[in-house]
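Take a look at the chain below. The report after it starts from a single residue and then widens out.

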Amino acid sequence: MSGKLQYSASLLLLAVSSSLLAAAASDEVKIAVYWGQDASEGTLRDTCATGLYAYVNIAFLSTFGDGRAPVLNLAGHCDPTSGGCATLAADVASCQSAGVKVLLSIGGGALGGYNLSSPSDAQGLAAYLWDNFLGGTGSGSARPLGDAVLDGVDFDIEAPDSRYYDDLARNLTSLYRGGARGRAFLLAAAPQCPFPDASLAAALGTGLFDLVWVQFYNNPPCQYAPGPGDAGALLRSAWRQWAEGMPSAAVFLGLPASPDAAGSGFVDAETLASEVLPAVEGAPNYGGIMLWSRSYDKDTGFSVKLQGILRNRSNHTAGGGSGTSSSPDKKRRIYIIVGAAVAGVLLLFLLICTCFLCRKKYRGTPPPQEGSVAAPPSKTEPPQPNHGPQHMKRYTDSEVERMTKSYAHKLGHDSNGDVYRGNLRDGPSGGGEGAEEQQR
């Protein structure tokens, strides 16, 4: 029992320490990016191979609903109408093998090409997405991305009068849970930063979304505003609303990867690392950042600069450099302190249990006191063999003297008195062998 307890406690201590150290060692930020609207951005496989991104949204399924045939628009990458996008299946598999989640984004900025007209319309779109991009078995038509099985669906719905996307979320979730492929699928959304979002409020209100990357650009009332005063005040206020309003989702800070990628809201990598991220990553459901898009990020190297700044700052602080500590550094110190406290508690618990078990194991019955009688053996235990005088009854000197005198007195009044007094005579009449023979 003692050995098993020590082994279990050791494994628990190792697991806790490893997870804390892994969290403390994380100097980078998770990045989600949109891919598919510019052929110059490179292939999907190359995008994932950079190691910069945790999520890639294939953009967009830009036509659907209200009787329209769904259309996948990947700009100059491939033509889905002729089956030319089926070759992306190998790229999707490559991304997934590298640990990158690949989602299909529906909607986008091309307004007028999509909307849902009824709950049954939402149900039909959910079935189409499931059968053609996710875990379904197909509905008779060829899957646009070949045999690729994507990791989920992203709602980038920007039409202000959008309806029935809450029904779409519920229908997709129902299909996810009933899927036979034995894997989990994700629901994501890209609302505008004014809270609540005009297009997706009802859908997000279902609480079914795993990932929410909020667009903090092209929205002056809630984006970073450089200039006199507190440039991050509007962003921080909106961020708190989103983080508190979506407690069950990982919330990402959505930004343009270049000043050319949006009309407003661009934040350079240095400012993002030093001023903006420390204000948002303290939220318990902070997930990372989202960038629009891979094309702009490739041109500017935004994500490469950001990750480099975060790593260098961490190394500088770890090496004893001076300067203001970033939020990741503060978090790392907290992880170390918490890890040391947890390890100390576990070690103390292990020592207490070990001492208790050892005391219980080696605490035997105290040796019998002088003049005492050993307790009879239990009925359930076999009799123990007599291995020596330790099993004999012990008497005090006074008891021995008393019993000797009593026995001497007794011998003096019977036929054995002569034997005791040493007066036994030799010969047949006096005992010895002759007398013994006569008695026989």
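## A buried aspartate

At 6% relative accessibility, D151 counts as buried. Buried means under 20% relative accessible area, exposed means over 50%, and partly exposed is in between, with a 1.4 Å probe and protein chains only. This is a predicted model, in which local features need pLDDT of at least 70 and side-chain atom pairs count only at pLDDT 80 or more, while totals for chains, interfaces and linings use all residues. Residues are numbered from 1 along each chain as its sequence is written, and side-chain values use heavy atoms, with hydrogens and water left out.

Where is D151 placed? D151 sits in the loop between α4 (119-133) and β5 (152-157). Helices (H or I, at least four residues) and strands (E, at least two) are DSSP runs, numbered from the N terminus.

The side chain of D151 has polar partners. One is the side chain of Q96, at 3.1 Å. Another is the side chain of R183, at 2.6 Å. A polar contact is a pair of N or O atoms within 3.5 Å; within protein, one must be able to donate a hydrogen and the other to accept it, and residues adjacent in sequence count only if both atoms are side-chain atoms.

Neighbours within four places in sequence are left aside. D151 then touches Q96, V100, K101, V102, R183, A184, F185 and L186.

## Helix α3

Just after α3 comes G99, with a positive phi of about 90°.

## Three disulfides

A disulfide is a covalent bond between the sulfur atoms of two cysteines. Here the test is a pair of cysteine sulfur atoms within 2.5 Å. A search of the whole structure finds three of them.

| Disulfide | S to S distance |
|---|---|
| C48 and C95 | 2.0 Å |
| C78 and C85 | 2.0 Å |
| C193 and C222 | 1.8 Å |

Start with C48 and C95. The link is right-handed, with 90° about the S-S bond. C48 lies in helix α2 and C95 in helix α3, so the pair ties together parts that are 47 residues apart in sequence. C48 is buried at a relative accessible area of 5%, and C95 is buried at 0%.

Next come C78 and C85. The torsion about their S-S bond is about 100°, so this disulfide is right-handed. Both C78 and C85 are buried.

C193 lies in the loop between β6 and α6 and C222 in the loop between β7 (211-215) and α7, so the pair ties together parts that are 29 residues apart in sequence. C193 and C222 are buried.

Count the bonded cysteines along the chain, and the pattern is 1-4, 2-3, 5-6.

## Aromatic pairs

A pair of aromatic rings is described by the distance of the centres and the angle of the planes. Rings of Phe, Tyr and Trp (its six-membered ring) pair if their centres lie within 6.5 Å; planes under 30 degrees apart count as stacked, over 60 as edge-to-face and the rest as tilted. The whole structure holds 17 aromatic pairs.

Y34 and F60 form a tilted pair, 6.1 Å centre to centre, with 40° between the planes. Y34 lies in strand β1 (residues 31-35) and F60 in strand β2 (residues 55-65), so the pair ties together parts that are 26 residues apart in sequence. Both Y34 and F60 are buried.

F195 and W242 pair edge-to-face, at 4.8 Å centre to centre and 90° between the planes. F195 is partly exposed, at 35% relative accessible area, whereas W242 is buried at 1%.

Ring pairs also link Y34, F60 and W292 into a cluster.

## The whole chain

The chain has 14 helices and nine strands. Of its 440 residues, 41% are buried.

How values were computed. Contact means heavy atoms within 4.5 Å.
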